[in-house]
Amino acid sequence: MNWITNYVRPRINSMLGRREVPENLWIKCPETGEMVFHKDLESNKWVIPASGYHMKMPAKARLADLFDNGEYESLPQPKVAQDPLKFRDSKKYIDRLRDSRVKTEQEDTILAGLGKMRGLKLVAVVHEFNFIGGSLGIAAGEAIVKAFERATLEKCPLVMFPASGGARMQEGILSLMQLPRTTVAVDLLKESGQPYVVVLTNPTTGGVTASYAMLGDIHLAEPGAEIGFAGKRVIEQTLREKLPEGFQTSEYLLEHGMVDMVVKRHDIPETLARLLKILTKKPVSAANDMNGGAIALAASA
């Protein structure tokens, strides 16, 4: 079978002039079903041009988009115990880690960087959802704590971009221990007088929502992001009631006071820059004065 797959089929395809087409060449919009060429989607920051639907954005692309000229210092990935529980379900946990590392070219789900955004120094922390659902494990928790420590040392704000299904079940209680650890790290940054702003992306759920994702001084959210602790289906089955339309979306949470602003992805760097300059008492450029008043009201609320 390998001989047919590896030798015969490629030879036939080459003789017939057939070319293999990558599976991800075209991306389907979850809302409208529109097919979008992947290069067009990438150039539009992973937002569907016609519908405005916000697809998941890779962590590396998020950092490059946030910092000036895409330049930043990558914070080191802490070395931690691998597969401490020797966990196995349908697949060995160590194999899942290896596959995710090959797929994302990352050591774990968290990427953190130090750089300047519109001239303002800050630390940014981003979840990579394609790494085991952006789940929070020992390595992710340690990376988050180290990022907060670096922001405290540099005396600069920290911006968090969570995208996670919650705690990593393959690490059991060791994963849940990262919730109080990261919460303490948030408190230490706040005690140093530096702002902590969270940009909630799709999805932000589980233990991540129950800890550092909802402890920001200000919470922004991307349009249509799913934000909550338990999933809608679980809640409906437990309560035996139909939940409201749009429940747990960023727009619903904005209406009910859980989110301060819903901001389109293209506007996030400028919005963050204005917010953080107000919070750190740095001058906001005249070009941004028109929007600065509304931002100031949100910051003081």
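K121 and E154 form a salt bridge, with their closest N and O atoms 3.1 Å apart; a salt bridge is taken as a side-chain nitrogen of Lys or Arg within 4 Å of a carboxyl oxygen of Asp or Glu. The pair links distant parts of the chain, as K121 is in strand β5 and E154 in helix α5, 33 residues apart. Helices (H or I, at least four residues) and strands (E, at least two) are DSSP runs, numbered from the N terminus. The structure is a predicted model, in which local features need pLDDT of at least 70 and side-chain atom pairs count only at pLDDT 80 or more, while totals for chains, interfaces and linings use all residues. Residues are numbered from 1 along each chain as its sequence is written, and side-chain values use heavy atoms, with hydrogens and water left out.

K121 is partly exposed, at a relative accessible area of 32%, and E154 is also partly exposed, at 23%. Here buried means under 20% relative accessible area, exposed over 50%, and partly exposed in between (1.4 Å probe, protein chains only). Both residues belong to a network of salt bridges that links E73, K121, R150 and E154. The salt bridge count comes to 20.

Another of these salt bridges joins the side chains of R118 and E270 (2.8 Å, N to O). R118 lies in the loop between β4 and β5 and E270 in helix α11 (residues 268–279), so the pair ties together parts that are 152 residues apart in sequence. R118 has a relative accessibility of 34% and counts as partly exposed; E270, with a relative accessible area of 29%, is partly exposed.

E171 and R168 form a salt bridge with closest N and O atoms 3.9 Å apart. E171 is buried, with a relative accessible area of 4%, and R168 counts as buried at 1%. R168 is also among the residues touched by D108, together with Q77, L97, F131, A139 and A140, when residues up to four places away in sequence are not counted. Contact means heavy atoms within 4.5 Å. D108 lies in the loop between α4 (93–104) and β4 and is buried, with a relative accessible area of 4%.

In soluble globular proteins, nonpolar side chains tend to be buried together. A nonpolar core is defined as a set of buried Ala, Val, Leu, Ile, Met, Phe, Trp, Tyr and Cys residues joined through side-chain atoms within 4.5 Å. The largest such core has 33 residues, of which V123, V125, F148, L158, M160 and Y196 touch the most other members. At least two residues of this core are supplied by each of β4 (110–117), β5 (120–127), α5 (138–154), β6 (158–161), α7 (178–191), β7 (196–200) and α10 (250–255). Helix α5 gives the largest share, seven residues. Leaving out residues up to four places away in sequence, V123 touches L75, G113, L114, A147, A151, C156, P157, L158 and V159. A separate core of 23 residues includes L63, V159, V197 and V199.

V199 is 19 residues from I218 in sequence, and the two are 8.6 Å apart in space, C-alpha to C-alpha. I218 is located in strand β8 (residues 218–221) and is buried, with a relative accessible area of 1%.

L63 is also one of the buried residues of helix α3 (residues 59–66), the others being A59, R62 and L66. Seen down the axis of α3, these residues fall within an arc of 95 degrees, so they line one face of the helix; the arc is that of the directions from the helix axis to the C-beta atoms. The cover over the buried residues of α3 includes β3 (72–74), β4, β5, β6 and α11.

Turning to strand β2 (residues 35–37), M35 is found there and counts as partly exposed at 43% relative accessibility. Apart from its neighbours within four places in sequence, M35 is in contact with W26, I27 and K28. M35 and I48 are 13 residues apart in sequence and 9.3 Å apart in space, C-alpha to C-alpha.

L176 lies in helix α6 (residues 172–176) and counts as partly exposed at 44% relative accessibility.
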